[in-house]
Amino acid sequence: MEPALRPAPAVYRRRLFHSRDATPDQCSDVVWIQGNRLFCDARFSTDDSGARDFHMGFAGRLQCTDAAIGEFEWVHAIAAGEAFGSADIGQLFDVPGWGLLEVGRQLDYVELWEQRPDEPGPVWEARGVDDHGTEALVVCVGDSFGLALGADPAGGRPSSVHIGSRTAQGWLARYSSWSGPEPPLFSLPPHSDGRFVISWQAGEHSGPPVSFDPIHPTRATRPTRPTHSGAEND
């Protein structure tokens with residue numbers, strides 16, 4: 001196997017995990033959405049009835065740390081649930097026709113990632129921040145998406161991660177760190193100026209649309225934009 005130059009934008013499902021030193025990973029359902037720059041990852045365990053229990057999730061920027069050996073760092077900008085506990089760094093190797101093999105730095109773990117075989121379609125990815133300073137990150141590959149939201153102290157919500165697909169009804173989060181009888185449903189239209197707007201469509205998360213200004217890769221602080229009437233709905 002050859003080191004991967006960079007993982008292709010796609011949906012990946014973890015099919016094997018082995019750690020040399022750590023406690024066995026109880027996450028049986030792990031989904032990773034990779035865009036061109038950004039990623040979103042959610043990890044669950046599933047019981048015999050099919051119910052999912054959220055363990056951890058994170059999203060951020062994929063950074064190459066050593067191109068010669070195919071080593072990358074998944075830089076966590078938003079994290080939810082259990083603490084990851086270390087830097088997220090590993091080598092990636094292409095498994096032709098199937099997916100990727102990931103080997104942790106110092107050979108401390110091995111993971112096999114199966115790439116979903118569908119045509120990936122267009123990629124859209126963005127990071128933004130709302131008027132209260134809450135950050136959001138979205139990665140969309142074809143009709144599949146990952147959405148991570150930073151903590152919202154004003155709304156009393158911790159950070160969260162959601163992965164799903166776009167449907168005729170809206171963006172349906174089939175994997176979500178939010179527990180509830182129905183999966184979260186929302187709309188998320190991008191704007192030509194780099195903003196995006198999240199509108200929750202059901203349950204406790206319904207309410208006014210929330211607009212997120214873009215966070216550019218070279219800019220660490222929130223950009224300033226003029227306020228104008230109807231900014232949340234245009």
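Biologist: Which residues do ring pairs link into a cluster?

Modeller: This is a predicted model, in which local features need pLDDT of at least 70, side-chain atom pairs count only at pLDDT 80 or more, and totals for chains, interfaces and linings use all residues. Residues are numbered from 1 along each chain as its sequence is written, and side-chain values use heavy atoms, with hydrogens and water left out. Rings of Phe, Tyr and Trp (its six-membered ring) pair if their centres lie within 6.5 Å; planes under 30 degrees apart count as stacked, over 60 as edge-to-face and the rest as tilted. The cluster linked by such pairs consists of Trp124, Phe145, Trp171, Trp178, Phe186, Phe196, Trp200 and Phe212.

Biologist: How are the rings of Phe145 and Trp171 arranged: stacked, edge-to-face or tilted?

Modeller: A search of the whole structure finds 15 aromatic pairs. For Phe145 and Trp171, the ring centres are 5.2 Å apart and the planes stand at 50°, so the pair is tilted.

Biologist: In which strands do Phe145 and Trp171 lie, and how many residues apart are they?

Modeller: Strands are DSSP runs (E, at least two residues), numbered from the N terminus. Phe145 belongs to strand S11 (residues 144–149) and Trp171 to strand S13 (residues 171–176). The pair thus links distant parts of the chain, its members being 26 residues apart.

Biologist: Is Trp171 buried or exposed?

Modeller: Buried means under 20% relative accessible area, exposed over 50%, and partly exposed in between (1.4 Å probe, protein chains only). Phe145 has 0% relative accessibility and counts as buried. Trp171 has a relative accessible area of 9%, so Trp171 is buried.

Biologist: Which residue in S10 is the bridge partner of Val123?

Modeller: Two strands pair if DSSP finds at least two bridges between them. Seven bridges join strand S9 (residues 123–129) to S10, and the two run antiparallel. S9 and S10 form a hairpin with five residues between them, where Gly133 in the turn has a positive phi of about 90°. In S10, the partner of Val123 is Val141.

Conventions
Helices (H or I, at least four residues) and strands (E, at least two) are DSSP runs, numbered from the N terminus.
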